[in-house]
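Open the model in your viewer and keep the selection panel at hand. The tour goes stop by stop.

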Amino acid sequence: MSVVFYWHPMSSATPIACALAELGVAHDRVRIDIRNGEQRTPEYLAINPNGKVPCLVVDGTPIFEGLAIHLWLGDRFGVARGLWPAADTPERLQALSWCAWAYVTYMAVVGRLRLATSDDALRDPRHAAAATAEATQLLDVLEARLAGRQWMLGAEYSLVDLVVGQVVGYGTYVGAGVADHPSVAAWLARLQQRPAMQGEV
Ligand SMILES: N[C@@H](CCC(=O)N[C@@H](CS)C(=O)NCC(=O)O)C(=O)O
């Protein structure tokens, strides 16, 4: 199988780089310089019409959107490597739910917080306070999930930890801190120790 990874360092492509490393998926990399507009060339738009990274091309067919890529990687490589639950298990249902929770629900709040605390005209302390309150509520949900569990699915680390942890970790950079959520904070610290999380990606 041929896998080509279109990426830019320290971007939405970073969680995919970590997942590829964690799973040991052989692939080629093409760096798309999103600061110089390479994501909007006709050649790249033919691969990802959204003009964004990350994107994979698998045997000639593109797959874009980070969440979709993670779910495909889990299914295609993670099950065999013991890092993603098998189909038709209760854990698979939980894995899908928590990955969507992170990329859809939590990321939306983090995105609002980022805009409301930015330096431009969208800066708005009232929106920032509302987004912070929403993020806190969601972190309460995650805290309850992780209380008494080492990892998201139980005793064993899985790709779910990588996926949820990358989004929650990004949230901390835009102001959604986890200091008041001790189980989340301890889990994030454990996650940072994984070899795949090291290095500049
Ligand atoms: N929802 C998309 C977001 C991708 C995204 O926003 N990528 C940014 C980098 S962090 C990008 O390529 N930006 C280039 C641009 O918007 O021109 C995903 O998860 O794949």
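Predicted model: local features only at pLDDT ≥ 70, side-chain atom pairs only at ≥ 80, totals over all residues.

A polar contact here is a pair of N or O atoms within 3.5 Å.

**Stop 1: the ligand contacts**

Select Glu 65 and the ligand. An N or O atom in the Glu 65 side chain is 2.8 Å from a nitrogen atom of the ligand.

How much of the ligand's area does the protein bury? Taken alone, the ligand exposes 520 Å², and 70% of that is buried by the protein.

**Stop 2: the ligand's surroundings**

**Stop 3: a cis peptide**

Stay with Val 53 and Pro 54. The peptide bond that joins them is cis, with omega at about 10°. Pro 54 sits in the loop between helix H2 (42-47) and strand S3 (55-58).

**Stop 4: two positive phi angles**

Go to Asp 59, in the loop between S3 and strand S4 (61-64). Its phi is positive, about 45°, although Asp 59 is not a glycine. Then select Asp 88, in the loop between helix H3 (66-78) and H4. Asp 88 is not a glycine either, yet its phi is positive at about 65°.

**Stop 5: the largest pocket**

Show the pocket surface. The largest pocket has a volume of about 1,100 Å³. Of its 34 lining residues, Ser 11, Ser 12, Thr 14, Pro 15 and Tyr 170 are the closest to the centre.

Colour by element next. Helices H1 (14-23), H4 (90-116), H6 (159-173) and H7 (182-192) each give two or more residues to the lining. Which helix gives the most? H6 does, with seven residues.

The lining divides into 16 nonpolar, 15 polar and three charged residues.

Finally, colour by domain. Where does the largest pocket lie? Domain 1 (3-78) and domain 2 (90-197) both give residues to its lining, so the pocket lies between them.

Terms used: Residues numbered from 1 in each chain as written. Heavy atoms only, no water. 1 Å grid on protein atoms, 1.4 Å probe; cavity = no way out; pocket = protein on both sides within 12 Å on 5 of 7 lines; lining within 4 Å. Points joined across faces, edges and corners; volume = space filled by probe spheres on them. Helix = DSSP H or I, 4+ residues; strand = E, 2+ residues; numbered from the N terminus. Nonpolar A, V, L, I, M, F, W, Y, C, P; charged D, E, K, R; others polar. Domains from an automatic or database assignment. Polar contact = N/O pair within 3.5 Å; in protein donor to acceptor, adjacent residues only side chain to side chain. Areas by Shrake-Rupley, 256 points an atom, 1.4 Å probe, with all protein chains shown as cover.
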